[in-house]
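This report looks at aromatic side chains and how their rings pair. Have the sequence and the model open as you read.

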Amino acid sequence: MAAMVCAGMVTFVLLYDTQALLPAFHDDFGVTPAQATLSMSLTTAGLALGLLVAGPASEVVGRTRMIVGAVWLSSLVALLCPFAWSWDALLVLRFVEGLVLAGLPAVATAYLREELHASAQARAAGVYIGGTALGGMVGRVLTAPVTEALDWRWGLGAAAVLSLVCAVAVTLTLPPSRNFRGRRRQELALGEMSRAALADPVLRRLYVVGACSVGALVVVFNALGFRLVGGPHHLGLGAISLLYLVYPLGSVSAAVSGAWADRVGRRAVLPVGCAVAIAGVALTVPHSLVAIVAGLACLTMGFFVVHGIASGWVAVRAHAAGASASQAAAFYLCAYYVGSSVFGSLGASAWSTYGWVGPAVLALGLLAVVGVLGLDLRHVPAIAPVSTTRTSPAALHPPGRPSH
């Protein structure tokens, strides 16, 4: 789990290290707020594309090789970003960074499902998602003060060095797979794997939950910097980055909700996280900085509850439905990062047109969709896991209440 937390940190440090720097790109390159968000949107779009390949490929090359390779390749690309000679060059490097990052999130939940006992899987997924929350905070808190003191190139360089340290930690500590059974390339049957991962109604709903929940989070945080550098707050990038200190609350909420889900079921926990996130967006509407901070805290906690539950649920439900866990995870994360790319850009346009009301209304609408789907999932019948010879005795589901 220590290795997976470090791996999760790499993912979110490198995905979102430019989010706090959007006003700096606006000033340095003369781009609009919507164009500045492309430094994130293209990265997440590249990641979404890479996930469609990385998930099936892990069935051949193995989970641990895929994870270790992804953290090293993405860290090396990150080292090139500070040397980008133009805005277009930076965007190309950010897109490539998303592509090579895909190997990590594509297999993380499948790896955890294979290596851990069923009674600990939701809790483990929550801890892993907590690592991504920590990475999201560290990436933003690190890059913004460095950028304010020097410039954005030094900020991105600091994030690259941190990701290299995490890559070393993952390489040294990640245990090799014990329960993974690889397939030959000719045995993959990608069409059949994809159909199985798309046929189940719970999986389809979870894909939409991932896209809309992260969309709401990115909409708010993308517009946040532009809102706070102007009146009435007039904050610098370093001061704005301190607001990302709410992210450890996401780590805690993801881990706690995972343990809670192991006891009462995922179906009961997911709508609660959505309700907390909705309350958080509503709190950001007033101009009071205290209310904004409280709203960001609630939004962050609620989002990571939803994402932690949904991402872990995908792997378990896919296994129960007889689908490939890695392929289902790839579809979930593809939807997740497409949602981040599309809604993040829409949020920046909404800010330019309507002020803070635009991003707030968009985020609330997305969370309303999550809430409706979360309540609907409570009424979809659970299914018993499909028997498979690839599941080890240590990973068998114990008798008791199913939560698939």
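How many aromatic pairs does a search of the whole structure find? The search finds 12 aromatic pairs. The model is a predicted one.

## The F25–F29 pair

Start with F25 and F29. Their ring centres are 6.2 Å apart. Their planes meet at 50°, so this pair is tilted.

Both residues belong to helix α2, which covers residues 22-29. F25 and F29 are 4 residues apart there, or about one helical turn.

Is F25 buried or exposed? F25 is buried, because its relative accessibility is 0%, under the 20% cut-off. F29 has a relative accessible area of 25%. That value lies between the 20% and 50% limits, so F29 counts as partly exposed.

## F29 and W152

F29 also forms an aromatic pair with W152. The centre-to-centre distance is 5.5 Å. The planes are 50° apart, and the pair is tilted.

This pair links distant parts of the chain. F29 sits in helix α2, while W152 sits in helix α9, residues 152-173. The two residues are 123 residues apart. W152 is buried, with a relative accessibility of 3%.

## An aromatic cluster

Which residues form one aromatic cluster? They are F303, F304, Y332, Y336 and Y337.

Key: Residues are numbered from 1 along each chain as its sequence is written. This is a predicted model: local features need pLDDT of at least 70, side-chain atom pairs count only at pLDDT 80 or more; totals for chains, interfaces and linings use all residues. Side-chain values use heavy atoms; hydrogens and water are left out. Rings of Phe, Tyr and Trp (its six-membered ring) pair if their centres lie within 6.5 Å; planes under 30 degrees apart count as stacked, over 60 as edge-to-face and the rest as tilted. Buried means under 20% relative accessible area, exposed over 50%, partly exposed in between (1.4 Å probe, protein chains only).
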